[in-house]
Amino acid sequence: MHIDILERKWLYVALGMVALFVAAIFFTAVVRGIHPPSHVETIDSASLHLSEEFAEDKLGVQPELLADGSVQVRLVAGRYGFYPREFEIPAQKTIRFRLASMDVLHGVHIPMTNMSTMVVPGFVSEITTVFPKPGEYPLLCNEYCGLGHDHMWSKMTVVAQENWHAPTTGGKQP
Amino acid sequence: MIDAATKKLSLFNAWVAFGAFALACVFGMYQVLERSGLVSFIQSPAVYFASVSTHGVLMGFVLTTFFIMGFGYYTASASLKEPIWNMPLAWAGFGISLGGTVLAAIPLLLGKASVLYTFYPPVQANALFYIGATLLVVGSWFWCAIMIVMTVRWKKAHPGESVPLPMFATATNAILWLWTSAGVALEAVFLLLPWSLGLVETIDVGLARTLFAWTLHPIVYFWLIPAYTALYCYVPQAAGSKLFSDELARLAFLLILVFGLPIGFHHLYMDPEQAAGWKFLHMVGTFAVAVPTLLTGFTVIASLEMAGRKAGGKGLFGWIGALPWKNPMVLAAILSLLMLLLGGFGGIVNASYAMNAMVHNTAWVPGHFHLIFAGTTIIMYLALGYAIWPKLCGKALFSKELALVQLWSWFIGMVIMTTPWHVLGLLGQPRRISSVHYNSVLTLAWDPYELAMILGGLVLLASACLYVYILYKTQVEGVAAEATDDRAVDAPDTAAVPPWLNSFTVWNYLILALMVLSYGIPIAQFFFMKTYDPTAWGY
Ligand SMILES: [Cu+2]
């Protein structure tokens with residue numbers, strides 16, 4: 001097979017570029033432990049309200065911190081909102097979201113942050129992140145879930161760490 | 001020269017394709033207008049989501065499948081210098097695909113199949129939609145069979161010779177499509193159809209999404225290969241030079257075939273039903289398949305540079321100005337490569353394992369794929385239409401000037417529309433919403449971009465109408481012209497290539513191994529893991 005000298009050079013450049021991109025991603029994934037939400041955990045979406053974790057009185061910001069000191073937030077996605085509709089969390093602290101859908105496919109993201117995951121019926125989505133700045137953030141549904149999809153959004157308030165107090169019971173926020 | 005029967009077959013397929021294209025542009029125009037909220041009486045989520053579903057199916061399934069079939073028949077007949085093998089089978093494929101399209105169109109237009117382009121169980125569409133979509137794919141398999149049989153028969157009759165490059169690309173695409181469409185076919189036959197017909201009550205959403213992801217990425221290469229065929233086979237000749245390297249072109253097509261197939265998972269980066277390790281593996285594959293695209297960019301630009309220098313272009317960039325910009329095929333190639341450059345950059349962001357979280361399912365994504373698909377790919381389809389219509393009809397192209405206006409306007413319209421789309425994505429706007437009125441100050445920043453997109457939509461719709469008008473005028477009122485010899489397809493230069501660049505057997509085994517490696521456990525897990533399947537939901 002004949003490969004022109006120019007082509008050969010370009011082939012090396014192309015392979016080098018791709019190797020560089022993959023190496024950068026490899027670094028953040030393996031060394032820094034940054035992965036997309038990939039929590040393969042199943043749950044019966046039809047009986048969320050009866051479950052240990054996603055029963056109505058267990059939702060929202062959890063009273064107890066997790067062992068690693070992070071704040072856990074449990075949300076149910078359902079047409080057309082994330083429940084509870086409002087909650088309050090501290091800035092600059094690790095937040096672990098656990099979400100489940102009670103009906104169809106949903107997705108959630110908070111604009112200008114890396115909080116993003118699909119919420120697939122039958123599975124629990126788990127995602128961990130930190131919000132550096134206090135403020136009001138919308139949680140938007142980003143996957144078509146029905147004719148009211150445009151109106152599926154909820155509100156998260158991020159407050160400075162010193163102004164935040166863990167709730168005494170789950171789901172009664174703020 | 002191709003025979004009259006093949007011309008008719010190609011024309012019928014291509015007309016369905018471009019008819020669907022123009023119709024889909026009308027829906028697209030409605031969507032940008034509705035989303036802006038500017039005209040209150042057209043505001044309707046029900047109509048909007050029916051429209052988005054129809055637009056996506058028309059563009060992604062109907063336009064592409066029929067164009068690829070029509071162009072494939074033309075290429076096979078012209079480059080192998082044979083009539084189409086088994087013409088009745090080809091018409092049967094056309095009929096089944098068209099019948100499927102009509103069946104799917106009924107529930108789509110009635111708003112009974114607003115499940116968008118990617119189906120989205122457990123939201124359930126009318127069974128007719130799934131049946132129609134399946135038939136459209138089944139009809140295209142007839143085309144695949146004919147392309148493969150013709151290639152195999154030609155090779156038997158011409159031992160030691162290499163398959164002409166355009167046919168080699170077409171055969172690659174037929175094999176690619178059989179592998180690709182298997183995923184969505186499995187989803188339709190084993191999950192969607194029994195469920196929508198009421199034979200089973202629930203559906204495994206995780207499995208359905210994984211099967212769709214199998215199809216969802218390589219389908220892009222199914223669309224792209226005819227565009228690459230134009231870049232490799234038509235553009236160098238139209239610019240006045242020759243293809244830089246025939247062998248590397250074959251290698252690029254084979255790399256797309258082998259590495260394009262087992263990488264669909266990056267569409268599931270944000271999904272909870274697949275583990276990080278598998279996503280990582282698919283990410284590496286996704287980046288590997290950037291190599292043939294980078295090679296294509298090089299080969300095409302090198303061929304253009306040779307042409308520009310031959311025409312007297314001097315200096316580092318002087319050759320660009322010396323290119324025949326007034327040739328529709330050359331102009332399309334330049335515009336297409338520009339959009340590929342921008343769209344490719346966005347694609348690297350999307351493909352990046354963790355960075356994807358910032359743009360996933362935001363307006364950035366349709367911005368990106370409109371650049372790659374509606375830009376890079378479709379503009380080459382349009383140019384191919386201009387190239388083959390005179391041959392299919394035996395008439396001169398109605399107006400070369402209008403053709404240039406049409407290509408420029410498509411490019412400009414696409415730039416006006418996709419730039420705001422990308423910005424909206426970075427500002428956090430979700431895709432797939434029919435209005436932008438969240439009760440949040442953040443969303444006020446979106447409004448001006450929505451307005452800009454209306455302008456883009458108008459230019460694109462006008463351009464699409466102009467395209468159909470030019471084809472129609474050429475065919476119906478055109479001046480009869482002797483078809484000139486198109487060496488690119490009718491008598492391409494074929495280098496003597498090594499056997500492994502002239503046969504698909506080994507590659508098919510390699511694909512099988514890669515598919516088992518990348519999808520084996522991710523699909524099998526749904527059978528050994530306890531899953532809870534939801535029942536059907538309406539809109
Ligand atoms: Cu939703």
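A: The answer below begins with the interface, then turns to each chain and to selected side-chain pairs.

The model is a predicted one, and every value here is computed from it. The contact between the chains draws on 73 residues from chain B and 60 residues from chain A. Together the two chains bury about 5500 Å², and carbon and sulfur atoms account for 73% of that area. On the side of chain B, P272(B), Y438(B) and Y532(B) supply 12% of the area that this chain buries against chain A, more than any other three residues.

The rule finds one salt bridge between chain B and chain A. Its partners are E143(A) and R432(B), with the closest N and O atoms 2.6 Å apart. The elements of chain B that give two or more residues to the side touching chain A are α2 (45-80), α6 (205-216), α8 (246-260), α9 (276-288), α10 (290-310) and α17 (505-528). Of the elements of chain B, α9(B) gives the most to this side, with seven residues. Sorted by class, the side of chain B that touches chain A has 48 nonpolar, 17 polar and eight charged residues.

The next step is to consider chain B as a whole. Chain B has 17 helices and zero strands. A compact globule of 539 residues would have a radius of gyration near 24 Å, and the 23 Å found for chain B agrees with this. The C-alpha trace of chain B spans about 60 × 50 × 45 Å along its principal axes. Of its 539 residues, 63% count as buried. Among contacts in chain B between residues at least 6 apart in sequence, 84% join residues at least 24 apart.

In one of them, D271(B) pairs with R209(B), the closest N and O atoms being 2.5 Å apart. This pair links distant parts of the chain, since D271(B) lies in the loop between α8 and α9 of chain B and R209(B) lies in helix α6 of chain B, 62 residues apart. Both D271(B) and R209(B) are buried. In another, the side chains of R250(B) and D246(B) meet at 2.8 Å, N to O. These two residues are four residues apart in helix α8 of chain B, which means that R250(B) and D246(B) are separated by about one helical turn. R250(B) and D246(B) are likewise buried.

S181(B) belongs to helix α5 (residues 165-196) of chain B. Its relative accessible area is 0%, so S181(B) is buried. A polar atom of the side chain of S181(B) lies 2.6 Å from the backbone oxygen of W177(B). Leaving aside residues up to four places away in sequence, S181(B) touches V137(B), W141(B) and T215(B).

Chain A presents its own picture. A compact globule of 174 residues would have a radius of gyration near 16 Å, but chain A has 20 Å. Its C-alpha trace spans about 70 × 40 × 30 Å along the principal axes. Buried residues make up 53% of the 174 residues in chain A. Among contacts in chain A between residues at least 6 apart in sequence, 64% join residues at least 24 apart.

Within chain A, the side chains of E41(A) and R98(A) meet in a salt bridge at 2.8 Å, N to O. Distant parts of the chain are linked by this pair: E41(A) is in the loop between α1 (5-31) and β1 (60-61) of chain A, while R98(A) is in strand β5 (residues 94-101) of chain A, 57 residues apart. E41(A) has a relative accessible area of 23% and is therefore partly exposed. R98(A), at 7% relative accessibility, counts as buried.

Over all chains, the count of salt bridges comes to 12.

Methods: Residues are numbered from 1 along each chain as its sequence is written. Chains are lettered from A and ligands numbered from 1 in the order in which they are written. This is a predicted model: local features need pLDDT of at least 70, side-chain atom pairs count only at pLDDT 80 or more; totals for chains, interfaces and linings use all residues. Side-chain values use heavy atoms; hydrogens and water are left out. Contact means heavy atoms within 4.5 Å. Buried area is the accessible area (1.4 Å probe) that two parts lose on being put together, summed over both. A salt bridge is a side-chain nitrogen of Lys or Arg within 4 Å of a carboxyl oxygen of Asp or Glu. Ala, Val, Leu, Ile, Met, Phe, Trp, Tyr, Cys and Pro count as nonpolar, Asp, Glu, Lys and Arg as charged, and the others, Gly among them, as polar. The radius of gyration is taken over C-alpha atoms; the globule rule is 2.2 Å times the number of residues to the power 0.38. Buried means under 20% relative accessible area, exposed over 50%, partly exposed in between (1.4 Å probe, protein chains only). A polar contact is a pair of N or O atoms within 3.5 Å; within protein, one must be able to donate a hydrogen and the other to accept it, and residues adjacent in sequence count only if both atoms are side-chain atoms.
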